[in-house]
Every structure is written in structure tokens, then in C-alpha cells.
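Take a moment with the picture below, then read on.

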Amino acid sequence: MTPVLSIRDLHVRRAADGHEVVRGVGFDLAPGGVVGIVGESGSGKTLTCRAALGVLPAGFTVSNGSVYIEGRDLSTLGSADLTSLRGSTISAVFQDPASYLNPSIPVGVQVAEVLRVKKGLRRRDSRHEATELLAAVHLRSPALVYGQYAHELSGGMLQRVLIAAAIAAEPRVLIADEATTALDVTVQAEILDLLADLRERTGLALVVVSHDLAVVAQLCDEVLVLRDGVVVEQGPADRVLHHPEHEYTRLLVDEHEQYGLDRFLAHAEAGA
Ligand SMILES: Nc1ncnc2c1ncn2[C@@H]1O[C@H](COP(=O)(O)OP(=O)(O)OP(=O)(O)O)[C@@H](O)[C@H]1O
Ligand SMILES: [Mg+2]
């Protein structure tokens with residue numbers, strides 16, 4: 001089966017100083033598959049995701065390697081093709097959902113807008129389908145939420161709205177870059193369940209970037225461990241997280257266990 005997303009020996013270069021901030025990242029993502037990317041802050045996770053979406057920030061270029069989406073080499077596509085691919089084949093949700101929504105337009109209208117632009121739906125149909133999407137991401141009272149503004153919703157609700165917008169055009173790949181990091185633990189678990197559910201029902205493939213190794217362990221089939229732009233370890237999630245071969249991965253896992261323990265102790269103290 002053709003991978004929906006295939007990255008080969010990706011290098012990303014920063015023009016300002018010529019530094020390659022990503023060096024040699026590669027993986028294949030099959031339909032319904034989930035790849036996780038972990039690594040310390042600044043290791044190149046987000047730039048890898050942005051290269052996959054064809055939206056590197058200004059001053060960064062793919063200096064080597066390739067990104068294939070459904071077998072099509074991104075570098076050969078014009079900007080019109082890229083734009084139509086984005087949203088309809090590959091889509092993304094990031095941290096801080098509020099910054100991706102227009103504060104002065106009801107959130108449902110913004111989801112409906114995606115349906116009009118990407119699927120060519122008419123106004124009335126787009127409203128109906130957007131409301132269904134809001135229900136599909138498990139927002140209670142979707143018809144009510146449709147007419148609400150970003151400031152009226154909680155962080156967890158906003159992230160669900162963003163996921164609804166991201167899956168509106170039925171993409172085959174969804175990139176979730178720290179999508180649940182800012183949310184509290186319970187809401188985070190609900191959003192992860194939602195992603196797992198989408199994967200199961202629709203065969204959506206996921207790229208999951210997270211600092212939280214528990215999140216990665218729960219969702220991913222394969223994990224890449226990035227350090228300073230280089231993959232130091234890559235393999236089945238169970239193997240990499242439970243029997244890390246590289247010292248850096250071992251460090252991340254140890255740190256995580258430490259952090260998990262601290263978090264537990266903090267809770268215990270608060271409850272005492
Ligand atoms: N817009 C930018 N301008 C300049 N340097 C940048 C920019 N974005 C990223 N970088 C640099 O590129 C490298 C990789 O950044 P990237 O954002 O991919 O890291 P990350 O792994 O996503 O980190 P985090 O876990 O903090 O999100 C870092 O050294 C970072 O400082
Ligand atoms: Mg990042």
C-alpha cells in the first residue's frame with residue numbers, strides 16, 4: 001500500500017546562518033498508522049512537521065531529501081496544488097488553538113468556511129455539516145457551540161473545534177504538534193481518545209509530536225527520537241520506549257518517569 005506520507009532523508013536549512021536544523025529525518029506513514037516524534041525542545045520536531053505540510057517559516061528551506069504525500073513529491077507541486085493538498089489530504093493542529101481562530105467570527109462559521117472552500121459546499125449544507133463535525137469531535141450541544149465565539153469556549157473545546165476544522169475536508173493525514181500539551185490531564189485524555197477513534201473509524205493516519213512519552217506510548221506504532229535535528233533512535237513504540245537502545249532515549253524515558261513521579265507527588269500533597 002502506498003504510504004500516505006513518506007519523508008526521505010529530510011534536511012531543513014536556516015538561511016540566516018546556513019545551519020541545518022533538521023538532518024536526515026525519514027519515515028513512512030501508512031493509512032491508519034501513527035508515527036510519534038519526540039525529543040527535547042529545539043530538536044527539530046516542529047520544523048519536520050512544517051516541512052511535511054509544505055509550510056516552513058520564512059528563512060527555512062528543504063535543502064535535501066523529499067516529502068511525498070500519497071506518492072507525490074511536494075517539491076514538484078506548484079503553490080495552487082500545495083494549497084489544495086493542505087486541508088484536504090494533509091492537515092494539522094498545533095498548540096494554542098485560540099491563535100488559529102478569528103475572535104470575531106463564531107467558531108462554527110469558521111468550520112463551515114473550510115467546508116465551503118475545500119469541499120465546495122453551499123452555505124446551508126456547510127452549516128449542517130459543520131454542526132455534525134462539532135458533534136463528531138464530541139462537543140456537547142454542537143448547534144449552540146456553532147454560534148459561539150472563541151472567548152466563550154474552554155481550551156479543550158477550542159482544540160476540538162480546531163480538530164473539527166482540520167478534519168473537515170477528510171484529510172488522510174493529521175499532524176498533531178503538541179496539540180494537547182496546554183490542556184489539563186483529563187481533557188488531554190479525551191482529545192487523545194478522539195484522535196484514536198478517528199483513526200479507527202476513518203483510517204486517518206497521524207503524526208503525533210509530544211513531550212509526553214505516555215501520550216506517545218498510548219497512540220503510536222512507531223517513534224522517532226530527535227536530538228539536535230538528527231534521529232538518534234527509531235522503531236516500534238513499544239521497543240523504543242520500553243527497551244531504548246540509545247543513551248539519549250534512555251535519558252528521556254528516565255526524565256519522564258521522574259517527572260511523572262513528581263507530578264504524582266504534587267497531586268498527593270495537594271490532596272493531603
Ligand atoms: N522561526 C524561527 N526562526 C529561527 N530559528 C528557528 C525558528 N523556528 C525554529 N527555529 C530553530 O530551529 C530549531 C528547531 O526548532 P523546532 O521548532 O523544530 O524545535 P522543536 O523540536 O519543535 O522544539 P519544541 O519542543 O520547543 O517545540 C531550533 O534550534 C529553533 O531554535
Ligand atoms: Mg515544536
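Let us begin with the largest pocket: 19 residues line it, and S91, A92, L162, A165 and A166 are those that lie nearest its centre. Please keep in mind that this is a predicted model.

**The largest pocket**

How much space lies in the largest pocket? The answer is about 570 Å³. Several elements take part in its lining: α1 (45-53), α2 (79-88), β6 (90-94), α3 (107-119) and α6 (155-167) each supply at least two residues. Which of them gives the most to the lining? That is β6, with five residues. Sorted by class, the lining of this pocket has 13 nonpolar, three polar and three charged residues. Domains come into the picture too, as the lining draws at least three residues from domain 1 (1-89 + 174-182 + 203-265) and at least three from domain 2 (97-170).

**The largest cavity**

A search of the whole structure turns up one cavity of 30 Å³ or more. The volume of the largest cavity is about 60 Å³. Among the residues that line it are A176, E178, A179, L192, V208 and V215. Both α7 (185-202) and β8 (205-209) supply at least two residues each to this lining. By class, the lining of the largest cavity has seven nonpolar, three polar and one charged residues.

**Charged pairs**

Side chains of opposite charge can pair when their charged atoms come close. How many salt bridges does the structure hold? There are 11 salt bridges, and the table shows some of them.

| Side chains | N to O distance |
|---|---|
| E113 and R116 | 2.7 Å |
| R160 and E190 | 2.8 Å |
| E233 and R239 | 2.7 Å |

Start with E113 and R116, which both lie in helix α3, three residues apart, or about one turn of the helix. E113 has a relative accessibility of 36%, so this residue counts as partly exposed.

The side chains of R160 and E190 also meet in a salt bridge. This pair links distant parts of the chain, with R160 in helix α6 and E190 in helix α7, 30 residues apart. Are the two partners buried or partly exposed? R160 has a relative accessible area of 7%, so R160 is buried. E190 is partly exposed because its relative accessibility is 39%.

Then there is the salt bridge in which the side chains of E233 and R239 meet. E233 is buried, as its relative accessible area is 5%, while R239 is partly exposed at 24%. Elsewhere, K119, E129 and E170 are joined into one network by salt bridges that share partners.

**The nonpolar core**

Finally, we come to the largest nonpolar core, which has 52 residues. Which residues have the most contacts inside this core? They are V161, I163 and V223. Helix α6 provides the largest share of this core, seven residues. The core draws at least three residues from each of domain 1 (1-89 + 174-182 + 203-265) and domain 2 (97-170).

How values were computed
Residues numbered from 1 in each chain as written. Chains lettered and ligands numbered in written order. Predicted model: local features only at pLDDT ≥ 70, side-chain atom pairs only at ≥ 80, totals over all residues. Heavy atoms only, no water. 1 Å grid on protein atoms, 1.4 Å probe; cavity = no way out; pocket = protein on both sides within 12 Å on 5 of 7 lines; lining within 4 Å. Points joined across faces, edges and corners; volume = space filled by probe spheres on them. Helix = DSSP H or I, 4+ residues; strand = E, 2+ residues; numbered from the N terminus. Nonpolar A, V, L, I, M, F, W, Y, C, P; charged D, E, K, R; others polar. Domains from an automatic or database assignment. Salt bridge = Lys/Arg side-chain N within 4 Å of Asp/Glu carboxyl O. Buried < 20%, exposed > 50% of the residue type's maximum accessible area, 1.4 Å probe, protein only. Core = buried A, V, L, I, M, F, W, Y, C linked by side-chain atoms within 4.5 Å.
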